[in-house]
Amino acid sequence: MSAVYINSASCISVQDTLNKDFFQHLNPENSTQVIKAIEPNYKDFIPAAMIRRMSKTVKMSSVASHYALKEAGIEQPDAIIVGTGMGCSQDSEKFLKNVIDNHEEFLTPTFFIQSTHNTVAGQIALGLQCHAYNFTYVNTSSSLEFSFLDAKLQINDGEAENVLVGSTDEQTERTMELYQLNNTIKKSENLPFDYLSSTTDGVIWGEGSSFFVLGKEKTENSYAQLKDIQISNKLDLDETQNFIGDFLAKNNLTGYDIDVVILGFSGDAKSDIYYTKAMDLFSTSALLYYKHLSGEFNTASGFSTFMACHVLKDQQIPEVMMINSIKKDGIKNVLLYNHLSGNDHSLVLLERA
């Protein structure tokens with residue numbers, strides 16, 4: 001199989017990640033239940049008449065994909081693949097409210113059409129006038145990983161040379177209220193907390209949009225080589241180390257070969273134990289975490305992939321992400337491990353390009 005490279009990376013998140021100097025201005029958050037993305041001035045990228053009809057996730061994705069394509073020097077990708085957990089939640093809520101308010105009668109189709117999960121990939125394609133392969137994955141916290149797998153297959157099978165891959169999720173008022181009611185979001189009395197040693201359940205909820213161009217050829221701008229991906233829907237705690245060990249062995253690696261491990265500690269005591277278990281395999285690796293910077297959400301792994309790309313390219317690790325004090329002179333292999341509430345476990349292996 002041919003190598004697959006990440007040739008550009010763009011991210012809109014609760015950090016100012018569109019700023020070139022964002023590495024020096026990362027601000028952790030542990031005292032707010034819900035944190036919102038820092039949005040750009042959409043008028044610089046999208047016609048004003050269209051902005052009014054777009055939900056937040058479509059707008060974020062349009063801008064993030066624009067930056068990713070521009071950095072890669074690609075005008076027309078050979079495929080557009082987007083992963084999302086919740087899709088266009090704002091328009092979904094508007095549609096359902098419309099259904100209730102109008103007693104299921106005399107409904108306009110607009111909100112329904114705009115509420116479907118594949119709206120994001122469709123709007124990007126419309127903007128680019130791109131008629132190529134267009135697909136959306138909705139697999140909760142492994143949506144981006146499935147998108148990466150598809151893109152990798154497209155490139156390896158000779159179906160595409162450059163693929164635009166993205167992940168996106170937005171917040172909505174009603175959904176956040178429901179998440180607070182079912183204790184998905186951490187109770188206010190449990191704030192602030194320490195992400196690495198939390199004793200309470202629940203998370204701080206975030207949002208964001210991350211886009212990457214995967215290519216068959218290595219370029220001057222290449223961030224990393226996408227080596228392999230592994231996904232497991234369910235995993236018992238005592239299977240965690242075998243899950244990771246088998247994945248590394250498949251790639252002829254051991255824990256000692258991994259320079260940096262990025263773990264998805266979210267502050268949810270009952271599910272973070274998976275990460276604690278995984279740490280025991282990497283006694284010589286630099287251990288990092290990131291959800292104190294991005295918040296938890298279905299496609300938070302897009303933020304970690306974006307950070308991993310910069311760690312590999314810049315050969316720098318932000319102090320604010322470090323769990324242990326191990327520092328590496330040369331960073332070659334980075335392993336990302338993520339799950340959401342103990343489900344949909346994913347491993348992504350990146351190698352320096």
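Does Glu-39 count as buried, exposed or partly exposed? Glu-39 counts as partly exposed, at 34% relative accessibility. Buried means under 20% relative accessible area, exposed means over 50%, and partly exposed lies in between (1.4 Å probe, protein chains only).

This is a predicted model: local features need pLDDT of at least 70, side-chain atom pairs count only at pLDDT 80 or more, and totals for chains, interfaces and linings use all residues. Residues are numbered from 1 along each chain as its sequence is written, and side-chain values use heavy atoms, leaving out hydrogens and water.

**Salt bridges**
- The structure holds 9 salt bridges.
- A salt bridge is a side-chain nitrogen of Lys or Arg within 4 Å of a carboxyl oxygen of Asp or Glu.

**Lys-56 and Glu-39**
- Lys-56 pairs with Glu-39 in a salt bridge, with the closest N and O atoms 3.8 Å apart.
- This pair links distant parts of the chain, 17 residues apart: Lys-56 sits in helix α2 (residues 56–72), and Glu-39 in the loop between β1 (5–12) and α1 (48–51).
- Helices (H or I, at least four residues) and strands (E, at least two) are DSSP runs, numbered from the N terminus.
- Lys-56 is buried, at 10% relative accessible area.

**Lys-227 and Glu-351**
- Lys-227 forms a salt bridge with Glu-351; their closest N and O atoms are 3.9 Å apart.
- Lys-227 is partly exposed, with a relative accessible area of 30%.
- Glu-351 is buried, at 17% relative accessibility.

**Lys-270 and Asp-268**
- A salt bridge joins the side chains of Lys-270 and Asp-268 (3.5 Å, N to O).
- Lys-270 is exposed at 52% relative accessibility, whereas Asp-268 is buried at 3%.
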